[in-house]
Amino acid sequence: MSSPQKSARDADNERLNPGEYIGYALGDTASGFFFQTFNIFLTYYYVDVWGIPATALLWLLPSVRALGAFDDVIMGLLADRTNTRWGKFRPYLLFGAIPYGICGYLMFAGPDFGPRGKIVYAFVTYALMLVSYTVINVPYSAMLGVISPSPRTRTVASTCRFVGAFGAAFLISLFVRPLVKHLGGGSEIRGFQFTMAIFAVVSVALILITFATTKERVTPPPEQKTNAREELGELFKNWPWVVLLIASIFSNAFSALRSGSTIFYFKYVQGYGSAPVLWGLDRTTLFLTSGALGLVLGTVCLGPIARKIDKKYYAAALSLVTSICFLSFFFVPRGQFGLMVALNILAQFCAGPTSALTWALYADVADYGEFKYRRRSTGLIYSASLFSIKSGILIGGFLVPLFLAQFGYVKGVETQTARALLGIAIAFSLGPALFALLKFVALLIYPLDQKRVDEIERTLAARRKTIPETQPA
């Protein structure tokens, strides 16, 4: 009979084939087509394009996100109790793809309603989009915990996932503004309609590819009993999960705050218009593209060392560098575009791997829960962790219109007051820097270093070695 050490080594050697890594990555590319568009353009679209007052967004966005705050947990409990020939999580990709694409498009359909009708329409379509996002992304994220029993293989899969996600961010940054301009024929509303229709079709296709190319390999212990109350109790007693949840909230808050304020920063603080300067692209598009490129490159560079590093300390160090870079933007003189691009690439080069590492840590947290409570609730752990995305976006997304409103931003005025410019600059630099620093602190507190993770992996391998393995097709 094999030793626990040998079983752990066998699991560690279980690498996925390249097609499965790519297929899994494309799922987050599909999510990124909408998620990144919302992060960068949604506030701008609602306020400057479609004409919803910034003050209305102060209650509209938090209200919608608050309503959807707990559907992730419900979805996770449901997915953990799903058993089909396709597995627990993959069926939701198959049946949720088309509704996801439709809901994403409807958010930017831009019907010609009055002020009150626009607010109601925005509320309803945003709520529907968050529900469809949950149906797709809770199972998709949970798949990382069952795609392999090896923590190091899961780290590689998480790296590939975020290469796909940040690849979408690169495409969004590069093409949205030119596509809106080209397809709109002078109308930004029409341009967003056609652009998001294209993204919707592509996203549906990519999600279906993910379904077809992936497998689930880790199953719960056969003696496991399902009890929602006990599972939720174990979740909140899982200290590594609690700390990681807080770190993820900070991460998504700085991403949403900075992304949502970027267009305002370049349009008003830096005074850059839409005139093309390189390859037909304006400075705002070039800046966004440079950041997305930094995300991709940073995540790709993580791949070769993903099996050799202690994820906790590496992610913490990178978060600190990101914070310093964000802080530096507050002191960059106006007009120093080259310096801003360089700082942005460095900041995002460091931010990219931390996202991949954080989601790989969630799989370790699922192992810890099984190790301590002899119950594997992968879907619940990842669904509750997606709460961090919505919470972080809620915080960052709320702060953007808050800064605009409180510092005296006036829609349609080319020259804003010094106070309004200060508010935009804070939202773009100091705010994100603070959230990145808080993420650094949370990761230092996170208790599972690589030595502890390896001990847990060996223990679980010993428990599973006598259990017949079933692999859903």
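**Close-up views of a predicted model**

**Figure 1. Surroundings of M340 in the nonpolar core.** Beyond four places in sequence, M340 touches Y265, F266, Q270, Y272, F287, F329 and V332. The structure shown is a predicted model. M340 and Y46 touch the most other members of the largest nonpolar core, which has 146 residues. Helix α10, spanning residues 239-269, gives the most to this core. Its share is 18 residues.

**Figure 2. T262 in helix α10.** T262 sits in helix α10. T262 has a relative accessible area of 3%, so this residue counts as buried. Setting aside neighbours within four places in sequence, T262 has contacts with F287, L288 and F428. F287 is also one of the contacts of M340. In sequence, T262 and I40 are 222 residues apart. In space, their C-alpha atoms are 7.3 Å apart.

**Figure 3. Packing of helices α5 and α6.** Helix α6 covers residues 115-146, and helix α5 covers residues 90-106. Their axes are 9 Å apart, and the packing angle is about 155 degrees. This angle makes α5 roughly antiparallel to α6. The two helices cross in a left-handed sense. On the α5 side, the contact residues are R90, Y92, L93, G96, A97, P99, Y100, C103, G104 and L106. On the α6 side, they are Y121, T125, L128, M129, S132, Y133, V135, I136, P139, Y140 and M143. Among the elements of the chain, α5 has the highest mean pLDDT, 96.

**Figure 4. Packing of helices α2 and α6.** Helix α2 runs over residues 18-49. The axes of α2 and α6 come within 11 Å. They cross at roughly 150 degrees, and α2 and α6 are therefore roughly antiparallel. This crossing, too, is described as left-handed. From α2, the contact involves Y24, A25, G27, D28, S31, F34, F35, F38, L42 and Y46. From α6, it involves A122, Y126, M129, Y133, N137, Y140, S141, M143 and L144. M129, Y133, Y140 and M143 of α6 also meet α5. Y46 is also one of the two residues that touch the most other members of the largest nonpolar core.

**Figure 5. V47 in helix α2.** V47 is placed in helix α2. With a relative accessible area of 2%, V47 is buried. Beyond four places in sequence, V47 is in contact with I52, A54, L57, Y409 and K411. V47 and K411 are 364 residues apart along the chain. Their C-alpha atoms are separated by 7.5 Å.

**Figure 6. I389 in helix α14.** I389 belongs to helix α14, which spans residues 378-406. Its relative accessibility is 7%, so I389 counts as buried. I389 and V163 lie 226 residues apart in sequence. The C-alpha distance between I389 and V163 is 18 Å.

Figure 7. Helix α17 comprises residues 450-464. The axes of α13 and α17 are 10 Å apart, at an angle of about 55 degrees. The two helices are therefore oblique to each other. Their crossing is left-handed. D364, D367, Y368, E370 and F371 of α13 make the contact with R452, V453, I456, T459, L460, R463 and R464 of α17. R374 lies in the loop between α13 (337-373) and α14 (378-406). R374 is not a glycine, yet its phi is positive, about 55 degrees.

**Figure 8. Confidence along the chain.** The mean pLDDT of the chain is 86. Of its residues, 94% reach 70 or more. Helix α1, residues 4-12, has the lowest mean pLDDT among the elements, 44. Over residues 1-13, pLDDT stays under 50. The model has 22 contacts for this stretch beyond four places in sequence. Residues 469-473 also have pLDDT below 50. Beyond near neighbours in sequence, residues 469-473 have 11 contacts in the model.

Notes: Residues are numbered from 1 along each chain as its sequence is written. This is a predicted model: local features need pLDDT of at least 70, side-chain atom pairs count only at pLDDT 80 or more; totals for chains, interfaces and linings use all residues. Side-chain values use heavy atoms; hydrogens and water are left out. A nonpolar core is a set of buried Ala, Val, Leu, Ile, Met, Phe, Trp, Tyr and Cys residues joined through side-chain atoms within 4.5 Å. Buried means under 20% relative accessible area, exposed over 50%, partly exposed in between (1.4 Å probe, protein chains only). Helices (H or I, at least four residues) and strands (E, at least two) are DSSP runs, numbered from the N terminus. Contact means heavy atoms within 4.5 Å. pLDDT is the predictor's confidence in each residue, from 0 to 100. Axes are lines fitted to C-alpha atoms, for helices over the stretch in contact, and angles run from 0 to 180 degrees between N-to-C directions. Angles under 35 degrees count as roughly parallel, over 145 as roughly antiparallel, 65 to 115 as roughly perpendicular and the rest as oblique. A crossing is left-handed if the near helix is turned anticlockwise from the far one by less than a right angle, and right-handed if clockwise.
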